[in-house]
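Colleague: Can you walk me through this model? I'd like to know what the terms mean as we go.

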Amino acid sequence: MQKITRDLIYTIARHSNWRGQSIAHWLRKEKVYADTADWVRFMQLFLLGLGGSFLVAGVIFFFAYNWADMHKFVKLGLLEFLLLIVTLVAVFSNWSKVVKDVMLMASVMLTGVMFAVFGQIYQTGANAYDFFLGWTMSVVLWVIVSRFQPLWLILLALINITFILYTNQVATNMPFTGVLNILFGINAVAVIVWEVLLWRNVISAKHRWFPRVMALAAITPLTISMVVSMFSNLQEDYGVSFILAALFFPVGIWHGFRTRDLFYLSVIPFSGIVVVAAGIVRLADNDPVGIFLVASLFVIGSIAFLIRNIININRKWHGAAH
């Protein structure tokens, strides 16, 4: 049975004598409108996350303000004690899973603070990527066990930052497009793993913001890589970025239709629009003004066409009236 949506209810109301009071009842029943319990839960989660953020920020500012007057053992001891307490509360307390996950997220952030303080005290001389690599390896088990999407996002951010810093400090000869292609691979694998776990019912599909953020983090560097490769006459990656796009973009479009997710049907075509527009600009050798005009008209027309098709698909899927 098709899920009752706002558009479907409005469509039925337009073509029937359905009364407003009954419409409002159905909107509340189908959870289209947030009720009191939804707002209470939202405020609980918001205040909980805000409190965890203030806790970590307070620790950072405490050390920053009293840095010169504190002994090194006091600095590390306070951080380790706080990290131990927060972690024990996250693991052994009787609080709800959401509270435990937020506490565990605070532990992950405190781990990074502790590594930073340790490096500052003993002047280890390590590269920045070593710091983020150690931080990532220390918290990866917590992230996997927790199944908490914000923690997954933090882990992926740490992995991306580690790789970027590694290419800036160690693998300095790696082409820029090669870095972008690998970033695409890292984030695309994260999306694939999430979808496989969802397919096997290991995780819930209630919130889909994580795969969308990671898909955006994958598509963006690949789009930039194609544009840069185009302007370098394919001398940097020899067209690898275009091969990756030819392999993965159709899969993303197919997945968008299969799951009825308009995100993939919007972002992937927009990436194609950017690449084609860049290709038109690349031809701006003899008549740059005319080429830029053509590129501008192409972008305007193609985006309008894309939006129109997205609206039509959305109407078809959710039963809205034309």
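Modeller: One definition to start: on a 1 Å grid over the protein atoms alone, a cavity is a set of points where a 1.4 Å probe fits but cannot get out, while a pocket is an open set with protein on both sides within 12 Å along at least five of seven lines, and lining residues have an atom within 4 Å of a point. This is a predicted model, where local features need pLDDT of at least 70, side-chain atom pairs count only at pLDDT 80 or more, and totals for chains, interfaces and linings use all residues. Residues are numbered from 1 along each chain as its sequence is written, and side-chain values use heavy atoms, without hydrogens or water.

Colleague: How many helices and strands are in the protein chain?
Modeller: Helices (H or I, at least four residues) and strands (E, at least two) are DSSP runs numbered from the N terminus. From that end, the elements go α-α-α-α-α-α-α-α-α-α-α-α. So by those DSSP runs, the chain has 12 helices and 0 strands.

Colleague: Which residues lie nearest the centre of the second largest pocket?
Modeller: That pocket holds about 730 Å³ of space. Helix 8 (176-199), helix 9, helix 10 and helix 11 each give two or more residues to its lining. Among the 27 lining residues, those nearest the centre are Val191, Glu195, Gly252, His255 and Tyr264.

Colleague: Which residue pairs with Arg212 in a salt bridge?
Modeller: The rule asks for a side-chain nitrogen of Lys or Arg within 4 Å of a carboxyl oxygen of Asp or Glu, and the count comes to 1 salt bridge. At 3.1 Å, N to O, the side chain of Arg212 meets that of Asp261. This ties Arg212 in helix 9 (residues 209-231) to the loop between helix 10 (240-259) and helix 11 (262-282), across 49 residues. The partner in that loop is Asp261.

Colleague: Is Asp261 buried or exposed?
Modeller: Buried is under 20% relative accessible area, exposed over 50%, and partly exposed in between (1.4 Å probe, protein chains only). Arg212 has 34%, so Arg212 is partly exposed. Asp261 has a relative accessible area of 4%, which means Asp261 is buried.

Colleague: Which helix does Asp261 cap?
Modeller: Look for a polar contact, a pair of N or O atoms within 3.5 Å (within protein, one able to donate a hydrogen and the other to accept it, with sequence neighbours counting only if both atoms are side-chain atoms). A side-chain oxygen of Asp261 lies 3.0 Å from the backbone nitrogen of Phe263. That puts the cap at the N-terminal end of helix 11.

Colleague: What is phi of Arg260?
Modeller: Arg260 sits in the loop between helix 10 and helix 11. Most residues other than glycine have a negative phi. Arg260 has a positive phi, near 55°.

Colleague: Which backbone oxygen does the side chain of Thr167 reach?
Modeller: Thr167 belongs to helix 7 (residues 149-169). Thr167 is buried because its relative accessibility is 7%. At 2.6 Å, its side chain reaches the backbone oxygen of Ile164.

Colleague: How far apart in space are Ala106 and Phe54?
Modeller: Ala106 is in helix 5 too, and is buried at 4% relative accessibility. In sequence, Ala106 and Phe54 are 52 residues apart. C-alpha to C-alpha, the two are separated by 9.8 Å.

Methods. Points joined across faces, edges and corners; volume = space filled by probe spheres on them.
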